[in-house]
Amino acid sequence: MQHFVIVGILVIVMAVLTYVGLDSAGLMPVQASAQAVSIDWLWNWQVVAMSFLFALIFVPLVYSLVVFRRRKGETGDGEHIEGNTNLEITWTVLPLFLVLAFAYMGAYSLGEINRVDPDAIEIKVRGQQFSWTFEYPEYGIVSTELHLPVDQQVVLLMESSDVIHSFWVPEFRVKQDVVPGRVTRYRITPTLIGDYKVRCAELCGMSHYKMENPVIVDAQVDYDAWIAEQTAIAAAAQTPEAIGQLLTVKNGCIGCHSIDGSKLVGPSWLGTYGSVREFADGTSAVADDAYITQSIREPLAHEVAGFSPSSMPPYTALTDEEIANIIAYLKTLK
Amino acid sequence: MKKFFATAFARGLFWQFIGTLLGAGLITGIRAAMGLSVTDKFFFTEPAWVLGGFIGVLFFLGGNGAVTDWFKWARGINTPEVHEEKYSGWEKYFSVSLDHKVIGIQYTVVALALISIGGLFALIFRTELAASQLQFLTEDVQLFGQNGPQLYNTLMSLHGMIMIVSILLGVSGIINYVVPLLLGAQDMAFPRMNAFSFWIAVPAAVLLLMSLVLGGFDTGWTGYPPLSARAPVGMQMFFLGVFTAGWSSILGALNVIATVLRMRAKGMTAMRMPIFVWAAVATSLIALTATQLIGLSFQLVMFQRLFGMGFFDSAKGGNPVLFQHLFWFYSHPAVYVFVLPGLGVISELLPVFARKPLFGYRWIAMSSLGIALVGFVVWAHHMFTSGMNEYLRVPFMYSTLLVAIPTGVKFFSWVATLWKGKIETPTPMLFVLGGIVVFLMGGLSGPPNATVSTDLHLHDTYFIVGHFHDTIFGGFVFPFFAALYYWFPKATGRRMNETLGKIHFWMMTPSFFVLTLGMMRIGLLGMRRRIADYDPALGFDTTHLVLTIAGYLIGLSVMIFIYNFFNSIKNGEKAEGNVWNSRSPEWQVPSPMPMHNYDQPFEVVGEPYDYGLADSKYVEFSAPAKSAHK
């Protein structure tokens, strides 16, 4: 009996210490969305349960090792106890209730996360190897930064150009895969103004680790100002060069092609137009209109030395006029 | 060296090489005749490599003699039921043997070799992660047609699958060696199929490693399309390797079930079987019925690539999420294939070293079956964020959390077994105890992933990476080492060095806690899994450096183990008797065991774990004369 009392006390002490230790370690990143509140609430209860169950097994195990160890010179066996059906039933049934309680809490918390605000702003998100593009259909804006107004639910309508990606902002907690051939939804209500990053969480190929774009939660006035600024830029884009530049953002080209000469997944565009391209098979060609058009529509036609053309999907949906605009833009990159 | 080239192992590899060239040459010839391209980046075209890889496996098995008897029978030639062992030394283990003990050791040694390779891969990419920014796997590096980040992805992906195959082989190794001994059987039910199951795993491992040099693949071990439909030709070698290894698993499991059903000693009723046998049956039921799904899902992607069949191509009406359902229908239960035998080892060894009966034998036996059955209806918890139908998520959350119940029964029963025992702690027991605690960490970090809303944050982060390394180390690696230390004297008549064993344990265990707890910590804070590099702004540099050092310490401890293992075969302390003072039948006879195990059959006359009950016996050997009469 004495053993049980000691172990009982130790279990409680250990459970409390474990919980306090874990809790004070700051396990989660900053909480920046309404959905995170419900997830963190459940997580906290899970940490409580983990701490208790850890103590419940670990303490009697260590206690037995110390108190019931074989001492020097001791022979013989332990007590002949084969089992105890009541105990077995107890530790089958009690955990069952615990598990059901947590499953219920999980379902409840999921309901909270999915709560729909009919006034949610819709933003289109496109994932492609290896960047994100954001489109605000209401304003005709395309951007590589996701700006969100604080305390306003948004629903992201997400599509993929190539493989599976996953939209995750750790501070928002929620994660949703982006699957080719369908639209997945990501509903979030940012609650904390600040700069975050969306980080692709589903392995999507060579430069998966680089697939991060800024997510900026603004106060309503700053958000409105940004929208106004971007709308003005989009409206001003009347020249072929400016339209072409927007197209390269919208289609995610600049995720892989830099405009400052740095090497990303694909060749940089700086000074590309009109230059001589060296291919892996030793041949070469001048990057003229025909070459660039072909490279956009059939990336596999040429393998530029040092790059893998299979990284790029064929962009067959672009019209001749759009490609002409892109070429006009490329010509300005010198 | 000359002796080595004459072994079945070397002949198999030679014929696999020839077969691969022939198969690839055949396709290349057909393509040339059809006017198609005949060479590609890796010399042969992709279809040529695939058929080559497949023919190579067949040639390996034909060339090394694993199927010779079957062919002879087909041609009406009789062969002896039992072949005389041609070799007595190390060559025996490189030849085709029908003795379950030899096959068990073959499995185990190949598993150790693959663990070393998989571990080496882990240390390479762990080193890259020690600091943010790419240090040596940069984009300027070129090796095997891959640049640095691609090579990172390949090594990371191969680490996963090589380890999984090594675990499957390790599981088979222990089961093959131990189960017939525990049952009192002369051998497995189908010795030739047993040899076949082992030997087919060897060319499978070769195929997996070939993927590294044929451009690699960047999908992780999960191979999700559409990414896997675009990856280099290495992807196909990976698919083919897994497909081939699956045969080993399925046929091996069939053999175990038949053996347990048909070849138990007299008096060994279901509830008097050693508890490890229950675990072996539970694991075999899963392996027998679920492995097909990973083989088929990979085969479908192979065909999508080879023949343009759009199973998972949304542009052709296919569905990428369907793959995930097929894949996880095996790959989740597979986790229980890994851990059930390990948990069986824990249950088998605890009573021996606690000197007490196993607490709640029936409950532990049934909990293994319970885990196996529930394991079949939980697969979609890997897909909570995948975009599958939303209403499916809640029922899968409930079913997944149910796994905690039978797992809890095991934990409580283990603790109750230790309670009031007379606990000894030689090396095998240390690994058993380490296994329990590590598996406890894995078990407790599981439910947050099973609960949909918290999983939305945890999915695809280092939290998961830490969680499953805990479950696999606690559920397989620690018990595997315990089993090796424990049954080593049975196999060799010598025991492994205790001091080195304790160094192994005390170096590996703390390092492992640091490794997995550190992984979970940064995972919660935003570290995605499977990334070659991480944002320095996250501030994970110090933690990653510590994790890398911990990884190296684990590697070093395993090297100590491997040295101890091979050194003790010749130089270990003699131990031919009942080293651990166990009641189990295999320890009642001298070590090592002769070819057909027991000289006299035994009868089960009591409970297996009645430690502490005076004058009780588990088995009774019949007198020599009586057995002759029989």
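Author: Two residues are in contact if their C-beta atoms, placed from the backbone, lie within 7 Å. Keep that cut-off in mind for this predicted model.

Reader: Which domains does chain A have?

Author: Chain A divides into domain 1 (2-66 + 87-113), domain 2 (121-236) and domain 3 (240-332).

Reader: How many residues of domain 2 of chain A are in contact with domain 3 of chain A?

Author: Interface size is often given as the accessible area lost when the parts come together. Here we count residues instead. Domain 2 of chain A brings 16 residues and domain 3 of chain A brings 10. The centres of these two domains, over C-alpha atoms, are 25 Å apart.

Reader: Which elements give two or more residues to the domain 2 side?

Author: In chain A they are β1 (121-128), β2 (131-136), β3 (141-143) and α4 (220-236). β2(A) gives the most, with 3 residues.

Reader: How do the residues on that side divide by class?

Author: The domain 2 side has 5 nonpolar, 8 polar and 3 charged residues.

Reader: Now chain B. At what angle do the axes of α6 and α11 cross?

Author: Read a helix pair by distance, angle and hand. In chain B, the axes of α6 (residues 148-183) and α11 (residues 320-354) cross at roughly 35° and come within 9 Å. The crossing of α6(B) past α11(B) is left-handed.

Reader: Which residues make the contact?

Author: From α6(B) come Ile167(B), Leu168(B), Val171(B), Ile174(B) and Ile175(B). α11(B) supplies Val337(B), Phe338(B), Pro341(B) and Val345(B). By class, this contact has 9 nonpolar residues, no polar and no charged ones.

Key
Residues numbered from 1 in each chain as written. Chains lettered and ligands numbered in written order. Predicted model: local features only at pLDDT ≥ 70, side-chain atom pairs only at ≥ 80, totals over all residues. Domains from an automatic or database assignment. Helix = DSSP H or I, 4+ residues; strand = E, 2+ residues; numbered from the N terminus. Nonpolar A, V, L, I, M, F, W, Y, C, P; charged D, E, K, R; others polar. Axes fitted to C-alpha atoms, helices over the stretch in contact; angles between N-to-C directions. Left-handed = near helix turned anticlockwise from the far one by under 90°.
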